[in-house]
Every structure is written in C-alpha cells, then in structure tokens.
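Hello,

Here is the structure I promised to pass on. My notes follow below it.

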Amino acid sequence: MAATASRPDRAYHQDYICRIRYENNLPPPPGSVKLLDIPIDGLDYYASPGFASRLHRSQPINIEADAELGMPINLVGMPGVFDGDESSIQAPLITPPVNPKDKNLLRPLAELGKPKYQGGGISFLRRTEYISSDTARARSEAAPKSAPKSPGPKLRKPVDTSKDDPINVLRAVVKGFDIANPDDAYAGPDTNDNIKGLEPTPAELEAWNDPKHPLKSTLKPIDFYPILPDLEAGTDAGDYMVAKFSTNPTQVVNKRDTRVDVGLLRPIDDEAMLAEYSAKVAAHEADPMRVPHPGGAPFNYNFFLPADEASAINLRKKLDVDDPDRDNANLYTAKNRDGKEVFRLERQRTYETGRATAQDPDHAYKEIALALHDPELDVIAQDADVDTDDSSRQRLEKAAYFYPIMQKIQLKPHRSKNLAQLGGPSRFNDEDDDKRVDAWDVVVDDLDENEKAKRSANRAALLGEEEDAEDGDS
C-alpha cells in the first residue's frame, strides 16, 4: 500500500504489516432463511393495569403485621437497662473473633464478582506483539540456546525438637553468661544449683570479642556498659511512674524550666472518682470480653514548684546522694511556722489524668528506664576536693542501671465541672478553699525503719531471695 504526498516531486511510502493469527470461518447455513410470523397479541393483555389489579385481588398477601412489625422488643431481663446502662443492648466494645465459616461473607467489594484471569495459565491469550525484522533478529540472538533446568522441589530441613527442651533452653541462656564471664563459667556436672552451658562456637566468641552493627558494619562501639539493677535506689512500691504534661506546666517558654525536675505531684482524694474506677474494674473482671480494662487508677493532682531557680538548685543538691554539699544546712530557703528550715513549693494548678496505662504485674520489666553511670566521667567527683575512695559516690560501679516503669499517665489541666446544673453532685472544685493547698513545705531526711523494710523487701524480690532478719536490720 502506497501513499503519495501533496507535492509530486517527493513521495513517501508506508507499509502496513498485519498478521492474522486466528481464523474462525463459519460454514454456510444448511438451508435458506425462513421468517415466521408469530402473533404477540397477548402482550397487551398482561401489560395492562387491569391484569395487575385482578391478580392483587385474587392473591392476598400472606403477611401478619403486628404492632411491632415482626420484631418483638422485650427489655425485661436485660441487666441495668432501666438504670441508664445500655451496654447490654449495644455491641461489645471488643469485637469477638469471626467464625471461619463466616469469613467469606466479610470479603471486601474488590474481591467480589468475576475472578481475575492471569495470562500465564491460558494458552489462547497473548500479549500484544509488534513484529518487524529487526526485533525478530534481536530476539533470536538474545534467546539462550538451551533453557536452564528448573530446580527441583526444596527439601524441608528436619526440625530438631530437642532444642525446645527446657534444659537445652537453659543451657543456651547459661552459654551467653559464660561467653561474657569466662572465668566464672561452670564446668562441672549438672546439679540442682548449677548447670553447664552449651559449648560456644568460634563465631559466637568472635561476635563477643569484636561486636559489629547488624546494619552498618562501619560503626564501632566506643564503650560497653553492663545492665544492672540499682539496688540502692527505689521507692516504697519498687517501681516508677512516668508523667507527661499535655501542655507547658509553667509560664517559661524561651528555655527549659529546671524547676520541673524537682516538682511535686500530690494526689487529691476523690471518693466518687475512685468508686467509679472500682466499678469499671469490677465490670471488666465480670465480663473481660465485652468490657475493656480501664487502665491505671485516675487521680487529680496538685502540682507544686519552687518559687525560683535558686531554690530548685539547692533542692536538687539536697536530693543528690553524691553531692558533697548535701548535708549543708544553708541549702534550705525557707522556714515554716515552727522555725524549721524547709523548701517551700508553691501550688501551680490542678491536673487531671487524661490517659493512663498500667503494666501487668507479671511482666514488671516490659518497660524500663536506663541510666548510664561512669564514675570516671562524674564531673562532681573530678571537681570536688574530697577523698573519692571514702565518698559515697563510689557506691555504684560503671553500668547501665535500669528502673522498672509500671504506669504511664498523661496530665491535662483540670477544669471544674459544675454537675449541679445537670442534677448531679459536683466534683472537686479548684476554688474550694477548704481542700486547696497553696504551699507545701519539704524536708529531706533519711529513711525510717518502715521505709527501709519496704526497700529491703523489694531488693529481695528483685534478687529472687527471701528476706531474712539480717537483711531487714541492715
């Protein structure tokens, strides 16, 4: 096929190549075409409104419609429905698992309809190909002479069930301690108190002697800290709580207010709030599938801070057991009514618990806080003119000390709720002079016998030992 341009002196030729791949030539009909005249007079009869009316009168509807339209609603017997608790007639907060037989009914709309065919498994569907002499030659040259043989089916490695044995698991754990402390490795027979660890491989010893980053091999460790518990530090409960403010707790905006480091959160007794929390916990224990756990106990807190930054610095020195001036009586910045030296912390505002999460007591060390301690890098020890060998700052060796976190709360400013207008009792009011504390006097003193006993019990529980009389008196 040739196409001629508008100018007669030049001509452009274009070739169109078409290859018919499949042909479907139908045979001729066996006889001549014959058209039949079929009467359709009955269509007007069935399409008339009169036919539908006569059908409606002759075939009555077999539906018994009662006052509740076939859906009886009986609220008698549902717990708490007449007391304002509609949880029994609502869907559960925690969705129960779906029955495997019903999963096909929950498929999304994209998966419904006709299945999508893939061209790889259908012989008569092929991708569009552009045929020319150059592409055919290039394809023949690029094609390999012989197709590689497909690999055979992979054989599954046999699973060594003996590795899951509790004794072997314990030996693998002991092996890690033997690699870290080869001088203390136990090499005798297994007893009730000692067990011999597995033999470490050369690769494991090399990994301990020359550790490498799993992703960046060029990184090199600059120091090592063993992870140890701080047995000398602790609270009466043996754990810590992390509090986060939703807004800035002070008016300082250009820099960090160091007074927050020694701030004081004093919980406010609210019997109505604790009763409501106890009811939620009881409901969760009665039906844990429908009612989620309410989390940690909610409290309202009064937040107190020192009046100025100098008072905060003195209070921080008083609380630091490694500070040489902690016993200086001049650190106190105020006096109470009895003339005793104190630190006075002024009330800032009241906060309420916005969100609280508590850890499971069985997994007390799921979240911890780490503090790196190195006596050689202690700035106070280097600058102070004291005997470092006899000082209490040498009580801790070089290590990364961990502290368990059992609860995390978010604090948001408390706003009074005047429930009396709604017919209910009013909550604690910030402006109630009888319950509000404007200032708090703090005195730092040594632990009494009761506090020492609680901390000794916490240390014994951490070490897995029973508290004896000697540890209680120490």
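Start with the lining of the largest pocket. Its residues split into 25 nonpolar, 15 charged and nine polar. Bear in mind that this is a predicted model.

The lining comprises 49 residues. Nearest the pocket centre lie Gly234, Thr235, Tyr240, Leu319 and Arg455. Several elements give two or more residues to the lining. Among them are two helices, helix 7 (309–319) and helix 9 (449–463). Strand 2 (240–245), strand 3 (264–268), strand 6 (341–358), strand 7 (368–373) and strand 8 (399–413) also contribute. The space in this pocket comes to about 2000 Å³.

Next, strand 4. This strand spans residues 300–306, and seven of its seven residues are buried. Both faces are covered. One side carries Asn300, Asn302, Phe304 and Pro306. The other carries Tyr301, Phe303 and Leu305.

Strand 4 has antiparallel pairings with strand 3, over five bridges, and with strand 6, over seven bridges. Ile268 sits opposite Asn300 of strand 4. Phe304 has Arg347 in strand 6 as its bridge partner.

Last, Leu75. This residue is in the loop between helix 2 (49–58) and helix 3 (133–142). Leaving aside residues up to four places away in sequence, Leu75 touches Val81 and Phe82. Ile89 is 14 residues from Leu75 along the chain, and their C-alpha atoms are 8.9 Å apart.

Best wishes

Key. Residues numbered from 1 in each chain as written. Predicted model: local features only at pLDDT ≥ 70, side-chain atom pairs only at ≥ 80, totals over all residues. Heavy atoms only, no water. 1 Å grid on protein atoms, 1.4 Å probe; cavity = no way out; pocket = protein on both sides within 12 Å on 5 of 7 lines; lining within 4 Å. Points joined across faces, edges and corners; volume = space filled by probe spheres on them. Helix = DSSP H or I, 4+ residues; strand = E, 2+ residues; numbered from the N terminus. Nonpolar A, V, L, I, M, F, W, Y, C, P; charged D, E, K, R; others polar. Contact = heavy atoms within 4.5 Å. Buried < 20%, exposed > 50% of the residue type's maximum accessible area, 1.4 Å probe, protein only. Pairing = 2+ DSSP bridges.
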